[in-house]
Amino acid sequence: MTDTEKYDRQLRLWGEEGQARLEKSHICLINGTATGTETLKNLVLPGIGGFTVVDGNKVSASDLGNNFFLDKSCLGLSRALKVCEFLRELNDRVKGSSCEEDPVHLINEKISFFKEFDLVIANRLPEAALTTLSQYLWEHNIPLVVVVSYGYIGYLRLVVPEHQIVESKPDTPLDDLRIYNPFKELEEMADQLDLKSLNSQQHGHVPYITLMVHLLKKWKVDSNGGKMPSTRDEKESFKKFFISNANSFQDEENFQEGVKGIWKVLQPYSVPSDIVAIMNDPKAANLSSTSDDYWVMVAALKKFHETHQVLPLQGTIPDITADTISYINLQKIYHEKASADLDEFTSIVNSLVSSVGKTLIPSEMIKKFCKNVRFLNLVRYRSLVDEFTPATARSAYMISELEQPDSNLVFYIVLRAVEKFNNIYNRYPGFNDEEVDADIPLLKSCVTSLLNDLSIPTTLVKDDYITEIARYGHCELHNIASLMGGVTSQEVIKLITHQYVPLDNTFIFNGINSTANPYKL
Amino acid sequence: MTDNKFQNIIDTLGIDTFEKIRSAKVLVVGAGGIGCELLKNLVLSGFRDIHIIDLDTIDLSNLNRQFLFRKHHIGMSKAKIARESVLKYCNNSDDIKIVAHHADIKTHEFGPNYFKQFNLVMNALDNLSARRHVNRICLSVDIPLIESGTAGFLGQVSVIRKGVTECFECIPKVPPKEFAVCTIRSNPSAPIHCIVWAKMLFGRLFGLADDSNAVTDMDDNIVEGDKDDTDNVIRDELLPLAKQKSYEQWVFHKVFYTDIDRLARMTELWKEKKPPRPLVYDELFSPDGQQTTTTTTTTSNGINSSSGRGLKDQVVMSFQENINMFVESIRKLQVQNEQNGALTWDKDDNLALNFVVSASNIRSHIFNIPLKSKFDIKAMAGNIIPAIATTNAIISGLIVLEAFKVLNNEFDKCKSTYLLKQPSGKRLLLPIDPEKPKSDCYVCSQNFITLKINTKTTTLSQLLNDVLKKNLSFHDPILTVGASLLYEGGDEDLSKEEIEERNKLEQKIIADYKMPDNTILNVEDYLQNFKVSILIIHCETFDEDGKWFDISGKQKDQSTNNNNNHDSNNNNNNNTEDDLDDLEIIENPVDMQIDASSDKSTAKRKEIESETSDSTKKHKLNENNEQ
């Protein structure tokens, strides 16, 4: 029970299921820099299952300057080992291990080492090794998260072939009330309403949902030839009619609630376009015994929709003005309809499962899917290879972004040029204070060559930025490292829990003016 | 090599800024989620003269994010342990001075004179009243303040500088949602009403004596009639008998039989719904204390599933389980009460929580309201804001970046930054230019408030406690009208007689005590170095149930004064609560929202208002949030 207490404040965000997923996950960190350590810190605290730090470096003086968890006694010792030791102190439920091998060597010689992880966080890897690793992880469908803090600048990139989200948890989900297209039971309930027979107390406490269904039907039959209000005039006219049915609009909150949401209610029912796109995905059409549960359920959803032209009902109603009995009755018919939809949906899922020869999907999972069906989400990331290869790079998009004043994308270009620099000179620009000035033109030529490869006009990257980055001399500031650690771990949690929609796909933080932008590269 | 430990910082920030960091003296208010991260970031950014203050002690539920604390620190001072841990990890600890105060910032020790010694104050607080308090002191001594907060995945940082930016109180915070007393006492219709009731009952039974707590009178056994009308009064004769049997039986009988029976007899209340059903203790328990009956219960829809760690708290307990828990927790709390004196309710105290869970659920059962799980009740009763390490890390990083600008006196570059839950409108962080001070702000601009209140029924005590202290966050107000002093607080030098005299004074009706309609009352608080004039307008009817006073920062004549286009079209925000219902917050309000759907140029902080257009999507951000 103590775990529940310890994790209480986060369970309220991602629930037991999210927590269980975190606790099952084993995460690999490549290089225990300040950024890497801070990222893992924020994952160890909420209780991931385990972590492994891969780092061939020894603890240096600059580590002591920016890594909170390393002290003087660590100097000269394995950074992987020491970082791992300190992180383990934070949470005794989390298993931590270290690997003192050089990650580049590991990637080139024993890449299968990375197969065991649920997610890999790569920090300060040369571009070639990073590309190799990303290809390997891509093939194994393991999420890769690349993070760097470089002076005042932070860079984050998520890479996952396909990320499925059932619980996207939108901020202000609309209620699934079906006032526009009431189901049979709701319509029958509304038909029975006889406003004239009610006393004033009762009149002011008919749930607005019932009122609206009842009056819409009446209005369209009496005044609109059986058609729903579609033009603005028709909607206005219905609104007037609706209000005219109140005994005293000022005093009847149920009528006021009805008017408040009237424009939303009068929108024809439609399935959100991203849900339509997911239903039409080839993966839902071509099921096999190896299909993910997600796609089987999407296929079932498609069938359900083909039959009914609607999605399964969510079945909950908001807190509205009503007397207790009407409210409970209304709640009951929504609940029963949702249960019936769930039963039907479940039987479609089960028949699909048996027809393709998969094992049964737990009913809890089907229930969760059904409940969140309007908020399904799917993110397919671009691979790093596609991004890095000039022929497939999104040059036109980058040009349009770089043309914006003060675009933060310029730092992406310069940081990639820094990796090019490192590849050529085997060191980072400005690493030695005396060489900063000498390194600036060298870095500039790397920028130029990268821009040429990408067919981006070189005028789009001003020299100031190149000088700025050279001045940083490959250093990590703790404060930026900590902030990027926060951003990165937050996205990792979204990926692991499959809740909320993660960033797609690149994030640049600019600490000079505290701005940040996502880019789709 | 340790000499150039900060070489990276010098290279990136420049030597001038670095020198300012080295010589700056800063105050961090709060050593919780943000406070821990912030302290670490400050020290590793070169700050070496830091005061940190927090009155709280470490709790188990802090450990998922407050990384300077371990299990063996539970119960110890947050400020002191934070200081110890940072110095332990940090390499040049002899070079760094951290002063930790395990204390309440709202005390005389930390008045304006204390604040004057700092170059910068950073708030890492979790409550509105302390935020307002620090805001007022910083304004009065003209020290820059960085204000911050997080709630779940959301967060926010802003810089407050007198005369340059708007202050923390320029945007009125939505007052806490309060329920009408009659809803709580007589006519509950939602679980939250029963939860509020149960917390009041806790205070009544185990807390300090409090005359304003009218939840029940334990010895009053009238079920019908009026005690002055001796002929027609009907009393519940069973109550004195129950009192003789045991304390828990007495309480149970009183609140679930006598009080309910009285309500059930008020037939006009139950014309449209089922009347409440009084519970008979002996029918639920056989004489040997064993339960005899099982009663069917209404449970909230659908949460009765699967196994898993911790799920116990998320399942709705049966009615009988609630009964057992209620009796057991009363027994134990009574022992605690006898041993330790008055108890205060704390959501993280399991016994106190069990009491509220069971008492509210039994009351819900009686009134045909769905029961709730312990997990849900904890959130509703404790006003719990979700909190995680990641958000605090991001916000603390942003605070330090603003701190650099403040030390450089670059207020033109300071931003208010909002952290959004997921990239919305293409951004995760939303930096906006701070607003100018509002010309009608009663704290930083005009020091004038209009208060509408029933001067013929309100007592001085209500004015002091509910209006001035609770709503306007005064700590120790001194009241004057014209040249005459009406009220002064403080206990230090008063004799017993003088205190009694003052207590008598507090019971006076304000209209009878020099504050009738159209009075200008001056209120001053030395601790906050803050003074405001209040125009009292007599008013007898208010537009919302349960509301009994209304405060506006604007002068009486709003139309001439309101030339600020920021919110000119939504002065009518009487409907605000509709948008907040889902939060069911009891003690402190949601007070800031971000309009995330608007694009870069128009994005700005908005005053809470009722949703006017159907496409506007709002992020709610609670100020009463992470430390």
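1. A residue is called buried when its relative accessible area is under 20%, exposed when it is over 50%, and partly exposed in between, using a 1.4 Å probe and protein chains only. By this scale Ser455(A) is exposed, with a relative accessible area of 56%. Ser455(A) is not a glycine, yet it has a positive phi of about 55°. Its place is the loop between helix H22 (436-453) and helix H23 (463-472) of chain A; helices (H or I, at least four residues) and strands (E, at least two) are DSSP runs, numbered from the N terminus.

2. On the basis of the note: this is a predicted model, in which local features need pLDDT of at least 70 and side-chain atom pairs count only at pLDDT 80 or more, whereas totals for chains, interfaces and linings use all residues. Residues are numbered from 1 along each chain as its sequence is written, chains are lettered from A and ligands numbered from 1 in the order in which they are written, and side-chain values use heavy atoms, with hydrogens and water left out.

3. Chain B also has a residue other than glycine with positive phi: Asn368(B), where phi is near 60°. Asn368(B) sits in the loop between helix H13 (350-366) and helix H14 (374-382) of chain B. At 19% relative accessibility, Asn368(B) counts as buried.

4. As a whole, chain B has 19 helices and 19 strands. Of its 627 residues, 57% are buried. Taking contacts (heavy atoms within 4.5 Å) in chain B between residues at least 6 apart in sequence, 68% join residues at least 24 apart.

5. The backbone of chain A contains a cis peptide bond from Asp504(A) to Asn505(A), with omega near -5°. Asn505(A) belongs to the loop between helix H24 (478-497) and strand S9 (506-510) of chain A.

6. Helix H18 (residues 363-371) of chain A has as its buried residues Ile366(A), Phe369(A) and Cys370(A). Viewed down the axis of H18(A), these fall within an arc of 95°, so they line one face of the helix; the arc is that of the directions from the helix axis to the C-beta atoms. In general, an α-helix has 3.6 residues a turn, so residues three or four places apart point the same way. The cover over the buried residues of H18(A) includes helix H16 (293-308) and helix H17 (324-356) of chain A.

7. Domain 1 (2-161 + 476-519) and domain 4 (384-472) of chain A both contribute to the lining, so the largest cavity lies between them; the domain bounds come from an automatic or database domain assignment.
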